[in-house]
Amino acid sequence: MPAKEQAAQHLIEIRDIGKDYQVGANTVSAIRHMHFQVDDGEFISIMGQSGSGKSTLLAVLGGLNHPSRGQVLVDSLDVYGLSSEQRADFRSEYIGIIFQSFQLIPYLTVLENIKLPMAITGISAKEQDGMARSVLEKVGLGAKAPRLPDQLSGGEQERVAIARAIVNRPPILLADEPTGSLDSETAEGVMGLLRQLNQEGLTVIMVTHNPDACRHADRTILVRDGLCLPQ
Amino acid sequence: MKLYHISYSNLKRRKGKVIFLVLGLVLGIATIVTLLSITESMTRDIEERLDRFGANIVMVPKSENLALSYGGITVGGVNYAVQEFKEQDLKGIREIENRENLGAVAPKVLGAAQVMGRQVLLMGVDFAVELPLKTWWHLDGAAPAASGDLVAGAEAAAALHLAVGDVLPLGPRTFRVTAILQPTGAAEDGMIIGDLHAVQEVLGKKGIVSLVEIAAFCRDCPITELVLQIAEKFPNAKVTALRQAVMAKMQSIELFKAFSYGVAGLVIFIGSLLVFVTMMGAVNERTREIGIFRAIGFRRGHVMQIILLEAIVVGFVGGFLGFAAGNLIAWSILPVVIPSGTFAGVNLPLGGLAILLSISLSLLASLYPARKGSSLDPSEALRAL
Amino acid sequence: MAYDLEKYREKRERVLGVKKRGMGFGRVATLVSLAILLGLGMVVIPRSIAFLKNRQLEDAIYKLSGERAVSERVLAELTKQEGVREVVMDGHGSRVVITFNKGVLDTARISAFFLQQGAQAVLLNEVGHHQRLHTMKKEAEATGGQ
């Protein structure tokens, strides 16, 4: 196997990672030591309080934040052994990401936001339109295609963010506090959607501080002070 | 969805910033287009005047000049030792090597005479040669046919209260005014013009010629060579191609042109600086957006492409509007710069160059901001989320 | 489900197979812009500099007569005079073109020099150096084309 590939037993392997930051003269560890695996098709929730390192962990998983030590393997790829351009392609091919506060592009319509990940794929305009409308229907917002994000409710924006994350059919969906700013009824709807996507074969890793959200997950990893707690 | 959709949509929503960006380029491009249009109109104005002149070469007696200067400042001069030409010698003009390029040879005699108690400049010409040469002369009355016929310049006629049909005693002879010359704006307006030999008799300059105008047949003749050959034949003459005298005036236009490039270069530099600063600000504002792009898999090159495509659009619009504004300004202020001049027209190749220049400047000014934006660490950008 | 190495093989190969395909957009844009600006600069700047440098230069065309040897000696002396840039005999053999700085010298002084040196020279024409070159070029194009 080439150096950028490693023998793996699971779709995602987090091997002894740590992440430190320099704050003035001090070194602060956002992640002290984490080691776990995720199998293909699993629904994992990572739960912890604010400052526990869970969002940092999600960024590391998504190829967005280089750990200070350890390895991240996804589909046998050593994510941080890839070049910067390869890592961008890795994100495009493998990862669908749902940010906290949705992070839709305000000057693009709902449909254009969903098509955004396809802008660099070379997929034809007709096919892009078909794929985008298909996922928009799947999340129940077919009629909202021409609207701008600020014309939607919080729950609707969350659904658009989900649609954008899955339009390219990535195998892994990362969700950062997907129900954080939603009321309980809307949150339940969103969680139901994530569960449905998982049942269709998507590996879902969700970061949350809400114990209710974890009900839908196959497994919960507890994080505190930069460590995964024994389960 | 393509990357240019993102660029276009961003520009559409940030109209204020786009106006600012475009304004810098418009100022620079409009400046250079205005200046170049004006110099082109000035050049065309001179060339049109040249086309109107029948005579291409003027031969006058060489004179010595005593220049009066005080501390290096010349305040004028005194001409002395002026030797006019003998009419019989003028046949030498038709003996030069390039004689086939010669058209009309129009001799003139000049002198002052007393008319009705006033001193008037008399000019004697060969009307058969002179009238076809002076295409801009318009006569009110009949063209002179006999040696006793006169044409009065407009100003001379007004000063002496002359009308067509009036009889005028000059020296030992009596002449008849057959026509009044409409104003030409030149020296002829103040003259009385008669037959060459008749005026020679009045002035006591029999067989003498004061100056000669010589026309060449074709526009692209070797005028320089004609001038030198005639000058060789008449060593006591100062021979000047009219084109040469006019071209000397063109020098000041060339100087103005060189100055224009300098000024325009400075204004364009300032415009580009404005683009650079505005783009840097725009990239900083878009940290979050760039973070999202990078997070969903855009490479650095994709982010750069988005920003540079915006720069290309801004450059194109700036170049186009700058070209239009430059032409409009040139057209408006030309009557002030050249009172009788006309606008040379819209120079489309210049427009193409202006747009290319504007796009290039916009691209170069946006390169560093684009590089900076695309190099943003996605994790750093996402911390802004 | 258990991890299957083959399931996402295509994706893996696409990620690993990333090659730089030709020049990036940024590099192309830079090169094109620089080419345009340098091209325009190379056309405009040398012409402007040449014009500004030659502005003070004037050409006086004299006809020389008399002994050729005397003429050659006088012209060699003239070349050394302050303000004289160039002295060239033209194709006809009897005319000489003297290029001089009009801020330092004038035709009266050049004529006086010829007189002093005992040479027979008649001033035929005086014209700006830049203008004469421009006119000669245009006339050569016109007669060459005929």
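A crossing of two helices is left-handed if the near helix is turned anticlockwise from the far one by less than a right angle, and right-handed if clockwise. With that in hand, turn to the structure, which is a predicted model. H7(B) passes H2(C) in a left-handed crossing.

Stay with this pair. Two packed helices are described by the angle between their axes and the distance between the axes. For H7(B) and H2(C), the angle is about 135 degrees and the axes lie 10 Å apart. An angle over 145 degrees would count as roughly antiparallel. H7(B) and H2(C) are therefore oblique to each other. From H7(B), the contact draws on B:Glu254, B:Ala258 and B:Tyr261. From H2(C) come C:Val44, C:Ser48, C:Phe51 and C:Leu52. Sorted by class, the residues of this contact of H7(B) with H2(C) are five nonpolar, one polar and one charged.

H7(B) itself covers residues 242-285 of chain B, 44 residues in total. At 1.5 Å a residue, the helix should span 64 Å. Its end C-alpha atoms are 64 Å apart, so expectation and model agree. H7(B) also bends, by about 25 degrees, at B:Ala248.

Now widen the view to the interface between chains C and B. Each of the two chains puts 27 residues into the contact. On the side of chain C that touches chain B, four elements each supply at least two residues: helix H2 (25-54), strand E1 (57-65), strand E4 (120-128) and helix H5 (129-145). Which of them gives the most? H2(C) does, with twelve residues. By class, this side of chain C holds 14 nonpolar, ten polar and three charged residues.

Chain B also meets chain A. Here 20 residues of chain B are in contact with 25 residues of chain A. On the chain B side, helix H1 (3-13), helix H8 (287-295) and helix H11 (378-383) are the elements that give two or more residues. H1(B) gives the most, with five residues. The side of chain B that touches chain A is made up of ten nonpolar, five polar and five charged residues.

H1(B) has a partner within its own chain. It packs with helix H9 (residues 300-337) of chain B at an angle of about 50 degrees, their axes 9 Å apart. That angle makes H1(B) oblique to H9(B). The crossing of H1(B) past H9(B) is right-handed. H1(B) brings B:Leu3, B:Tyr4, B:Ile6, B:Ser7, B:Asn10 and B:Leu11 to the contact. Facing them in H9(B) are B:His302, B:Gln305, B:Ile306, B:Leu309, B:Glu310 and B:Val313. The contact of H1(B) with H9(B) counts seven nonpolar, four polar and one charged residues.

Last, look inside chain A. The axes of helix H5 (residues 154-166) and helix H6 (residues 184-199) of chain A come within 10 Å and cross at roughly 15 degrees. H5(A) passes H6(A) in a right-handed crossing. H5(A) contributes A:Gly154, A:Gly155, A:Glu158, A:Arg159, A:Ile162 and A:Ile166 to the contact. By class, the contact of H5(A) with H6(A) has five nonpolar, four polar and two charged residues.

Technical notes
Residues are numbered from 1 along each chain as its sequence is written. Chains are lettered from A and ligands numbered from 1 in the order in which they are written. This is a predicted model: local features need pLDDT of at least 70, side-chain atom pairs count only at pLDDT 80 or more; totals for chains, interfaces and linings use all residues. Two residues are in contact if their C-beta atoms, placed from the backbone, lie within 7 Å. Ala, Val, Leu, Ile, Met, Phe, Trp, Tyr, Cys and Pro count as nonpolar, Asp, Glu, Lys and Arg as charged, and the others, Gly among them, as polar. Axes are lines fitted to C-alpha atoms, for helices over the stretch in contact, and angles run from 0 to 180 degrees between N-to-C directions. The expected span of a helix is 1.5 Å times one less than its number of residues. The bend at a residue is the angle between axes fitted to the seven residues ending there and the seven starting there. Angles under 35 degrees count as roughly parallel, over 145 as roughly antiparallel, 65 to 115 as roughly perpendicular and the rest as oblique.
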